[in-house]
Amino acid sequence: MANSNSIRGTAESSVSKTMRAGEKAWGDALPELGNDSTALKQSIAQHYSQTYGRDIDAAPAHYLYKAAALSVRDRLMDDWRFTRQASEQSDVRRTCYLSMEFLMGRAFGNAVQNLDLSTQLRRALEDLGVAMEDIAELEHDAGLGNGGLGRLAACFLDSCASLALPVTGYGLHYRYGMFRQSIENGWQVESPDNWLSEGHVWELERPEIACRVRFGGHVELIPSLRGEVTHRWVNTDDVLAVPCDVPVPGHNNGIVNTLRLWRSAATDEFNLNEFNAGGYTEAVSAKNAAENITMVLYPNDSSENGKVLRLRQQYFLVSASLQDAIRIWLSKNDDFSGFAKAHCFQLNDTHPSLAVPELMRLLIDEHDLAWDDAWEITTSVMAYTNHTLLPEALECWSLNMIGALLPRPTEIIQEINRRFMLQVTESLPDRMEVQAQMSIISFDSVPVVRMAHLAIVGSFSVNGVAALHSELLKTGLFRNFYDLWPERFNNKTNGVTQRRWLANCNLPLRQLLDDTIGQNWISDFDELEKLAPLADDSQMQKSWREIKHTNKQRLADLIFDKTGIEVDASMLFDVQVKRMHEYKRQLLCVLHAVHVYLELLDGKSHPGRLVLIAGKAAPGYHMAKAIIKLINNVASVINNDVRTRGKLRLVFLPDYNVSAMEVICPAADLSEQISTAGKEASGTGNMKFMMNGAVTVGTLDGANVEILEAVGDDNFFLFGLSVDEVDSVRNGYAPSTFIAADSRLQKIFDAFDSGLFDGGEAEVIRSVIDAARSSDDPWLTVADLASYLDAQLDVENAWSDEALWTQMSILNTANSARFSTDRTMRDYNRDIWKLESIPLRNTTG
């Protein structure tokens, strides 16, 4: 007798055939969805009452958000299907963008804007008695990223869709995103970010195309009759990778690309025999272990278990994504003869580097290609983006750990390295030290796999993300590889999407720009250059200042809601918001606030200033957490001193995320980009602030160099050591000599030594201050402090001239066009991807 699964399979096959036969009838049966307010109102009401079965009087408000979101998503579906079908044609070259992070933020407002539904949807919701802004606030931030890396990936997807490029994002469907941050007694406290607690209406689960990812087991060597040896990976613990697709709409062009997020699941829900025998925990252990892979974004890897889980996440991502790309290819092709011409896999940092050995494994083990043929394909499709200049941030995994978790990929890594070292030895026969430096597997007693080296060896393109960063990769971190393969290295300066980071988050400025230079700037950002001649126009300046004040009041309201601290919107809003890390030097910003505070107590005059800092420290990064504690201790002293009330405020804003940044960046007057020169790869917060008219105070680091080049010396506050000067000062560095030479520095550190900011935890505060005063401080905070104080004095002088500051602000916005990800994506496509745009249909504007 046939079992139920075979009967179901037969039924599914039969239904699929009859559905395909009736494809035209299905198309004719789909209703036309209008975009007018009446049609939208009907859609919302229908979803609210029929999809969710809710009553107006009793249902929680988030059901109305979900009904509105589904009504918008409905209007994406036809274009989404069209785009997917067009992208997956056998003659279309496509890019698969692999990233462990996609910090998408809220989807509702972005989709409404890109579909040009704002006016009609607002009217529909008003007819239903609610404001569109209130509905948008009910959406949880999609917690799929940590900081700049994930937000950059999200901006890339937006621009690719808006440029009609066939690009699919591949990431992980984390159940819990980046932790929620609260502040208790000045300390960061982490709690789970259950961003999926109310579901995620934007995603479509696709279980029918799920695939298996292998872990553990061992490799058997099977000799063939021809004398060859086949490697068979057996007795594995398999995990199911289930895709959840999220639409990425282009700007008003009928293109909707896909972000495919993999959710881990057990191949079997639970062991029924164990369950019936009373072993309830054991019965579901496999299910729990499988689901743990995508449970949390970036587990704390300070423990061995944390390292193993993070490695499992990385392999899970690349294996599922590559299997998916191969599945799509083989659905329309019989072999791999054209695979390389049709694909590019862009690796967003070192996290997806295992894509190199995994594609080799799939081609050799699963599809019977010879090593040389598989290597030719692999090295023709892989492209690696590096995002760091910090050697300690380049991932290295224990060879033993990888070997235990991924025995077959480990064999392939070892063979790749063996062949690579033969090539290096031939090129550099007498340079053993360089050979050791370049090896993918270190020569240490406990060897590690250098993931960046694996990515470089397996890729045809290696790019940095700012001009300075890319140059430093060639002359420093990857110099040996550049000497071997100079043609592989290139620069692609980062950007941000103006659609989210200006048009959507700064509606008052958007309206002014529309009225002044027309609406085309949203899709052609070079149009902003038309603002430059108006920078000194008195009426333009007046409107500009009014908009900035409105945005600052909005931020002041957010600060009060989050912290209870009142700030005056007429103050200079001095902002540093980014991931907490010593090299980003949030400490430098605080030391300046202490300097201003001490001078105010001495009776000296300073314009009113809000110093706003926000960012999260990794759970295992104790020094970054101590810096947060120091910031809050200093803030407590300053904000509770009646002598400086109305003159100075220092605020640490908790739980920084994309939605908070959408309020912060339109309000900022001064953008703090103050990392040690040569440490920041690019930065993208600097670009968001610049687009919204903030003036930068910064070092010659990352994309600051190009921002300075764009706006000119008169519209940028430059300070600090250059990269070459950093290297020079580091030899024999003695912070005490810098402190002794400047009375301002002496007073700042004397205040800390006096215990003024201890707040009962002197040991913690001293640990941060003593690290900065140590000759071993790699960030050279004290060395740059005097120059930073001088630059801040220049800031105050410019701020006191209202017309001058407004002119600087306008010119920063006017010269920000080159920092759009539209430009970045065109550069990637011209030099690396070489894609043809998807032909547009039903373009509406």
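**Exercise 1.** In this predicted model, find which residues of helix 24 meet which residues of helix 25, and then describe the contact by class.

**Exercise 2.** Work out how the axes of helix 24 and helix 25 are placed, and decide whether the helices are roughly parallel or roughly antiparallel.

*Solution.* Two packed helices are described by the angle between their axes and by the distance between those axes. Here the axes of helix 24 (residues 507–517) and helix 25 come within 9 Å, and they cross at roughly 160°. Because angles over 145 degrees count as roughly antiparallel, helix 24 is roughly antiparallel to helix 25.

**Exercise 3.** Determine whether N551 is buried or exposed, and list what N551 touches beyond its neighbours up to four places away in sequence.

*Solution.* Locate N551 in helix 25, which spans residues 538–563. Its relative accessible area is 4%, and since buried means under 20%, N551 is buried. Leaving out residues up to four places away in sequence, N551 touches N506, P508, P666 and A667.

**Exercise 4.** Identify the buried residues of helix 24 and the helices against which they pack.

*Solution.* The buried residues of helix 24 are L509, R510, L512, L513, D514 and I517. These buried residues pack against helix 6 (108–114), helix 23 (498–504), helix 25 and helix 29 (685–691). Just after helix 24, G518 takes a positive phi of about 90°.

Terms used
Residues numbered from 1 in each chain as written. Predicted model: local features only at pLDDT ≥ 70, side-chain atom pairs only at ≥ 80, totals over all residues. Heavy atoms only, no water. Helix = DSSP H or I, 4+ residues; strand = E, 2+ residues; numbered from the N terminus. Buried < 20%, exposed > 50% of the residue type's maximum accessible area, 1.4 Å probe, protein only. Contact = heavy atoms within 4.5 Å. Axes fitted to C-alpha atoms, helices over the stretch in contact; angles between N-to-C directions. Parallel < 35°, antiparallel > 145°, perpendicular 65-115°, else oblique. Nonpolar A, V, L, I, M, F, W, Y, C, P; charged D, E, K, R; others polar.
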